[in-house]
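Dear colleague,

I am passing on the structure below for you to look through.

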Amino acid sequence: MKKQTKDNLITYGIVIGAFVLVQLLANTGHLSSHMKGLLVPVTYYAVIAVALNLCVGILGELSIGHCGFMCVGAFSSAFFSKVTQDSIPTGPRFLLAFIIGILVAAAFGFLIGIPVLRLKGDYLAIVTLAFGEIIKNVLAAFYVGVDSKGVHFSMKSASDLGLLDDGKVIINGAMGITGSPQNSNFTIGIVVLLISLFVVQNLINSRQGRAIMAIRDNSIAAEASGINVTKYKMMAFTISAAIAGASGVLFSHNISSVTASSQYFGYNVSILVLVYVVLGGIGNIRGSVIAATILYMLPEMLRFLNKYRMLIYSIVLIVMMIVNWSPKIIEWRKRTFGKISIGRRKETA
Amino acid sequence: MALLEVNDLSISFGGLRAVDDFDITIEKGELYGLIGPNGAGKTTVFNLLTGVYKPNEGIIRLDGEDITRKSTIEINHAGIARTFQNIRLFKNMPVIDNVKVGLSERYKYSALEGILHLGRYRKVEKEMDEEATRLLKVFDLEGEKDTLAANLPYGKQRKLEIARAMATNPKLLLLDEPAAGMNPNETKELMETIALVRKEFDMTILLIEHDMKLVSGICEKLTVLNFGRVLCQGDTKTVLSDPEVIKAYLGE
């Protein structure tokens, strides 16, 4: 078996292993309801970390607006689910919600990618940050309602929609979407995570993925080798946005009211996901999943320490940074653990 | 018909005519040298030939096909591959993947097949692997095929860059100062590599070089550039003994 295939299988194995373990704990009553409530968030943060790693680690473009795509995916799918709540059975509706969330996020990724990918480095990061904020703030000003005449739209207030008696408000401005069905569960989250891992890891090992990484390493040489730089950049960015959209679908179907607030989709959340990616190892997909899990669970598990928990969290961040990036530690890890690596996939000289 | 025919090629940057009325004709199978003092416009000529810069005037024909003002990608597909003065490898990728990037415009499958690893994926990837290994064997790099390109020694990085260029299956290979920064031993090895490329692939090569031992050793014809203009053109011996060339470049 090729080394890459083996590596990929290990990643799937870790995810499935963790899933089985958690299910066992839950079924034997060892998980508190608080812990159970964290399981779905862990999966969608892991999914968006994988998406962001595709953009930051594989494409090499620093995006700090990925929560914008998550937001788009969350709203479009919740909108669909709420409208069709009574007309389509749960299973197919949730599947369709995923397809809609992913497609809408991909479309936004494509459209935003056109101006953004002309930029480089810090400039690109700033513009993605701006787009992420724009998406969130525009959505917070939307009022959309549905009645027997069709869809009504306003940017003033819910009463301006002019709905008939049978109508209902779907998106209520800053109040967002309330009462959409909650279909997400841990199993579905794990399935989505496995699918996004499958997509990203397979992409890396294809001619498209190699073209994307070639652009990351040296775009001038890539172009001189006949690689269409714009096309592959767009491809990576769009796929990344689509996966972020999938995490948004999981998110919006996990809570009772989806609001376009900074608490869920602000730049600090985008930065948090970036922290998962950087500490898990840039370009290391498996590391992103592990880092997202540990770093999301940790502050929650440390709640009993009250005011010291953020202190411990920050110490863990520093320790993870050193373990994953310090050359001496990487060397020591290699000597001690041999081939098991949770750090960077490829070390540069 | 000549493989590469360039007529009256000119480009100006502001008021500076960096390349002025440049002509060159390269027949198939030739090893052609482009020499001249620093700042004469040699690399600019390469950038014009590969579409990095668009010329103000002039025509470039490759194998009879007009490639003037085409994009870098189109020119690469038309059959010109190049290496760079300062090595530009895909440093964080293994050696074999560097070559596979060069191959990827010839061995195709769709993005969907790439993501799902279905359809033509397995077959084409296998062919790519074989072809890449074959190329690496020619350049004596197959032992390092899983090493990261950044970790190769300098001489091998140069070789890999040539191997990657050859992977795009070019008609004409442009080498920009391949011996820059090499010690005499490495230069000797490079000369052997270039001779091998010619023999193995029947390749036409245009190279820029400052190392006169290499130039006089392997080039059949030379063009000397000075201040963007052609100073002298012809077979190596005649050119190198031309008094104008000695005065402008080689030194009396």
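Before going further, please bear in mind that this is a predicted model. To begin with chain B, its secondary structure amounts to ten helices and ten strands. The C-alpha trace of chain B extends over about 60 × 40 × 35 Å along its principal axes, and 46% of the 252 residues in this chain are buried. When the contacts in chain B with a separation of 6 or more are considered, 66% of them are between residues 24 or more positions apart.

Turning to chain A, the domain assignment gives domain 1 as 39-135 + 182-301 and domain 2 as 305-349. The centres of domain 1 and domain 2 of chain A, taken over C-alpha atoms, are separated by 24 Å.

Chain A also contains a hairpin, formed by β1(A) and β2(A) with two residues between them. Strand β1 of chain A covers residues 143-147 and strand β2 of chain A covers residues 150-154, and the two pair in the antiparallel sense over five bridges. As one point to check by eye, A:Y143 has A:S154 in β2(A) as its bridge partner.

As for packing, the largest nonpolar core has 175 residues, and the members that touch the most others are A:V47, A:A49 and A:V50. Helix α2 of chain A (residues 33-58) provides the largest share of this core, namely 16 residues. If neighbours within four places in sequence are left aside, A:V50 is in contact with A:S196, A:L197 and A:V200, and also with A:I243, A:I285, A:S288 and A:V289.

Finally, how many residues of each chain are in contact where chain A and chain B meet? There are 25 residues of chain A in contact with 31 residues of chain B. On the side of chain A that touches chain B, at least two residues are supplied by each of α6 (186-204), α7 (207-217) and α8 (219-224) of chain A, and α7(A) gives the most, with seven residues. By residue class, this side of chain A consists of twelve nonpolar, eight polar and five charged residues.

With best regards

Definitions and conventions:
Residues are numbered from 1 along each chain as its sequence is written. Chains are lettered from A and ligands numbered from 1 in the order in which they are written. This is a predicted model: local features need pLDDT of at least 70, side-chain atom pairs count only at pLDDT 80 or more; totals for chains, interfaces and linings use all residues. Two residues are in contact if their C-beta atoms, placed from the backbone, lie within 7 Å. Helices (H or I, at least four residues) and strands (E, at least two) are DSSP runs, numbered from the N terminus. Ala, Val, Leu, Ile, Met, Phe, Trp, Tyr, Cys and Pro count as nonpolar, Asp, Glu, Lys and Arg as charged, and the others, Gly among them, as polar. A nonpolar core is a set of buried Ala, Val, Leu, Ile, Met, Phe, Trp, Tyr and Cys residues joined through C-beta atoms within 7 Å. A residue is buried if 20 or more other C-beta atoms lie within 10 Å of its own, exposed if 12 or fewer, and partly exposed in between; C-beta atoms are placed from the backbone. Domain bounds come from an automatic or database domain assignment. Two strands pair if DSSP finds at least two bridges between them.
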